[in-house]
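The following paragraphs lead through a structural model, from the relation between its chains to details within one chain. The sequence and the coordinates are shown first.

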Number of protein chains: 2
Amino acid sequence: MGDTEKVLLAGVWRDADATGTFQSINPRSGETLEPIFPVSSRADIDAALEAASAAAGELVRTPVGKIAGFLEHYAGLIEESSAELAEMASLETALPVTPRFVDIELPRTTNQLCQAAAAVRDRGWTMPNIDTATNIRSMYGPMSAPVAVFGPNNFPFAYNACAGGDFAAAIAVRSPVIAKAHPSHPKTSQLLAEVCLRAIQETSLPAATMQMIYHMAPEDGFYLVSHPLVGATGYTGSRRAGLALKAAADAAGKPIYLEMSSINPVFILPGALRERGEEIAGELLASAMVATGQFCTNPGITVLKAGDDADRFVAAMRDRFAAGDAGVLLGPGGVHVVGEAVRTMQASGAEVITGGAPIEGDACRFENTLLRARGEDFLDDPEGMQEEAFGNANLLVVARDDDELEQIAGSFVGNLTGCVYSHSGGEDDALYERIVPHLRRRVGRLLNDKMPTSVLVVPSMNHGGPYPATGHPGFTAVGIPTSLIRFAMLQCYDGVREHRLPVELQDKNPTGELWRTIDGEWTQSDVAAPGNS
Amino acid sequence: MGDTEKVLLAGVWRDADATGTFQSINPRSGETLEPIFPVSSRADIDAALEAASAAAGELVRTPVGKIAGFLEHYAGLIEESSAELAEMASLETALPVTPRFVDIELPRTTNQLCQAAAAVRDRGWTMPNIDTATNIRSMYGPMSAPVAVFGPNNFPFAYNACAGGDFAAAIAVRSPVIAKAHPSHPKTSQLLAEVCLRAIQETSLPAATMQMIYHMAPEDGFYLVSHPLVGATGYTGSRRAGLALKAAADAAGKPIYLEMSSINPVFILPGALRERGEEIAGELLASAMVATGQFCTNPGITVLKAGDDADRFVAAMRDRFAAGDAGVLLGPGGVHVVGEAVRTMQASGAEVITGGAPIEGDACRFENTLLRARGEDFLDDPEGMQEEAFGNANLLVVARDDDELEQIAGSFVGNLTGCVYSHSGGEDDALYERIVPHLRRRVGRLLNDKMPTSVLVVPSMNHGGPYPATGHPGFTAVGIPTSLIRFAMLQCYDGVREHRLPVELQDKNPTGELWRTIDGEWTQSDVAAPGNS
């Protein structure tokens, strides 16, 4: 295997113990790309786990400034390499260098790393809780174990297993990361991992703070996420692979946080449709076509109430879909998935009103496809209608009346987001009140009068939602520091001598600014000396 | 089935759709107790789920004062009935009326209900998080779905499915409870449920706010926890049953919070042993024998370092175990479990130094049993040595040296608690620093110089811990409001019109005292009007 690329284990680029090889594909040309990458065996996974476990013990004892410094230095090095990184990612994904990578995704990625660094320094994610009467003190603390991160195909930087949100969150809570790159962009991942390793070395973190494997057989993935040495797993990807990993991790009692699938329903209520249907059609097109529909948050199903306004809206959307150029998908698999989803929706009673077929030629493309279904068809087979296309195919569902609209709202599975457009003057308010209770319990993020594709990295963001959008409705993959809690554990200290407590729980506020709950009140103060309160 | 007791469904005591019947046993006399209780079929579960789902929608719209009022009224009614309740519980469990029920467990139960009521009113558990620049706001909110609660055999009140901690937490987040009583104390559960129903009626909550089923076949339990209409499950009980329920819930993507098993290791470091071995022996005996060893937090394994002090400690413990009266266990099953655990530990190399056999006679009793093992035996078969006796059998492990002591600390599975006794003058500090990193990642609550059996209901309590003590290391079953988060979901509002937001997220602080994070700072203030900041 002399010509095969090396994996990053314990700080060294080594020949993989490979069970096979693979190459990525240029989605624009269909060409197979050099070089050849290894599919790692269990031996590589064992080596990674062993090195990461030792690193976990070291990271727990590493000063916060050093960990934050690493995250910031890594962000800086990514910025320095951004031209090279963006070009490679564009080659492997067909997503554009500008604005996508240089102006949006790379800045988001470095921003996430820097926000995580700030969270490490301010320690707010630990949420210390101190009861002075009983001297029982608790906080979220490190698991002292590695986190496995599986990156998706659609965000080669912001969700990359060796640089993205899960990576930043795990490192911030002092867990080394075993990164499983996505095999659709291995060279981009390798370049990132090289930058990451340099940052590790230049800030003197343990060599195994981040290790990277390109690919592994499904059963070896199950082995990794259920291994006694692993602390938890972060996964972003398809529902099928996610559920298989979840089953393995669950059976071993290992936490796994998954972001699997989302249709992101949009309800356009009749008043809004009448008031500004044309404008909303523009917004829907733009949001649906972001990244050729390959965001986790693209709107996949739009629900309307029957009538002339709905007919006009459907026609306007059809014209827009038909008129737009079809983007290049992330790979041949993407073309297949879109086609399958279109067929599944058709089998459930939806009608293709434009598009519907792959585009001939070398590029990975599918016609911009719009389907329409009646509300009763949707209600007859909500599962089939909610098949995720993950591409440039969308479904418009036209409900007969308010009752049917409400029933449809109650038939969605768990989603990351749900949008409701309503009349600005309040004409839709009664219907809004009927729809939203159904939607609220089914989505992580509820939006008014806007599309869901903008996922801002702010503490109040929830990029999560009920199953099967994710595996648990209480956690978010985006939003720092909230996302860090996933990789932490609740740690209580009962009667522990003060000098042995983590600094977050000692009487003196460790930064002077850390927010802690002391006897039920959030405060930045020290714990009052006995008798002083 | 005219002679069979009725189940509580949708506010009415009804004949069960029964697949069989059962009776409880008086553990003191071995007698079968009247009356006869039904084992419910799936039809009862379906009825409960349907009624609870409707109630969930109502509870979400119910004012906080009404829900808090119910919890407080229920607590008051339990106090009024405490004599009758305690007597019945004592008959069914053999635990004493005083001090156990009247002075400890019933006050804890009503205190939990009242703390939950306060949490409902102050809304702090929702942890609102507001980002003003983006108008993205999030909080923990109700799942709007029923919670199934499975109560254990050992706390007929404080963990009862229709009155205990999981019940209080679920109701506080507005989820109706489907209570699965423990079949070892059905009459106690029935009396409590009657009190609960009266409280529901007198405060005009939905009739199905709490429903109760006494017993069901395992596969019907799996059906319940994985049902599309259920929101989540709280379970306290054996590891075997817990893991089976977990597998069913996990496969359906339904959150399940389990408290399953804990050995609660105690490390007595050499300096402490020399300094106050006799005193610690007294503490260990008292803690190990609380409730005849049937707490989740009784110390099960104590680890010592070999030497004269350890020999004296072992002898002192043996004398104390031998001299004490053996308590009555919760039932015949308990006697069997203790015997099995003793045999498993013996098979792993532990030696019985006192006790070891069931006590002849009608009462459910087992001799106070103490086992001793060498550190190397423990390390040869840590799994067998950690078999939970859940009764009056304890294991002392004597390590050869500091290295072996550290290895043992690194061989425990996840536990609720871990205790370290060390010399008051600091002589054990170097060894403490070696032991505790291993223990910290393996236990939810770390104690110094005290035994683990006191589980105080304060916000900083963690009654949780890594698998297999529970199913997830980030949650606690005790400690209000922290325990409420288990039954909530993270809900984000993105650009939602202000009047449509839950009051917790509106600009004006709903109570004037609710702590919220606004732009990264915890505050009780309103959101500043634009331009005023």
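Because 98% of the interface residues of chain B are also interface residues in chain A, the copies meet through the same surface; contact here means heavy atoms within 4.5 Å. The model is a predicted one, in which local features need pLDDT of at least 70 and side-chain atom pairs count only at pLDDT 80 or more, whereas totals for chains, interfaces and linings use all residues. Residues are numbered from 1 along each chain as its sequence is written, chains are lettered from A and ligands numbered from 1 in the order in which they are written, and side-chain values use heavy atoms, with hydrogens and water left out.

The relation between the chains can be stated geometrically. In general, two copies of a chain are related by a rotation about an axis and a shift along it.

The extent of the interface follows. In chain B, 66 residues are in contact with 65 residues of chain A. Between them the two chains bury about 5400 Å², 52% of it on carbon and sulfur atoms; buried area is the accessible area (1.4 Å probe) that two parts lose on being put together, summed over both. B:Leu490, B:Arg500 and B:Trp522 supply 12% of the area that chain B buries against chain A, more than any other three residues.

Polar interactions also cross this interface. The count between chain B and chain A is 42 residue pairs in polar contact, both residues at pLDDT 80 or more; such a contact is a pair of N or O atoms within 3.5 Å, where within protein one must be able to donate a hydrogen and the other to accept it, and residues adjacent in sequence count only if both atoms are side-chain atoms. The residues on the side of chain B that touches chain A comprise 29 nonpolar, 23 polar and 14 charged, with Ala, Val, Leu, Ile, Met, Phe, Trp, Tyr, Cys and Pro taken as nonpolar, Asp, Glu, Lys and Arg as charged, and the others, Gly among them, as polar.

There are 8 salt bridges across the interface, each defined by a side-chain nitrogen of Lys or Arg within 4 Å of a carboxyl oxygen of Asp or Glu. B:Arg497 and A:Asp449 form a salt bridge with an N to O distance of 3.0 Å.

Strands pair between the chains as well. Strand β19 (residues 488–494) of chain A runs parallel to β18(B), joined to it by 3 bridges; DSSP must find at least two bridges for two strands to pair. Strands (E, at least two residues) and helices (H or I, at least four) are DSSP runs, numbered from the N terminus. A:Asp494 stands opposite B:Leu447 in β18(B).

Within chain A, A:Asp309 and A:Arg312 form a salt bridge, their closest N and O atoms being 2.7 Å apart. Both residues lie in helix α10 (residues 308–323), 3 residues apart, about one turn of the helix.
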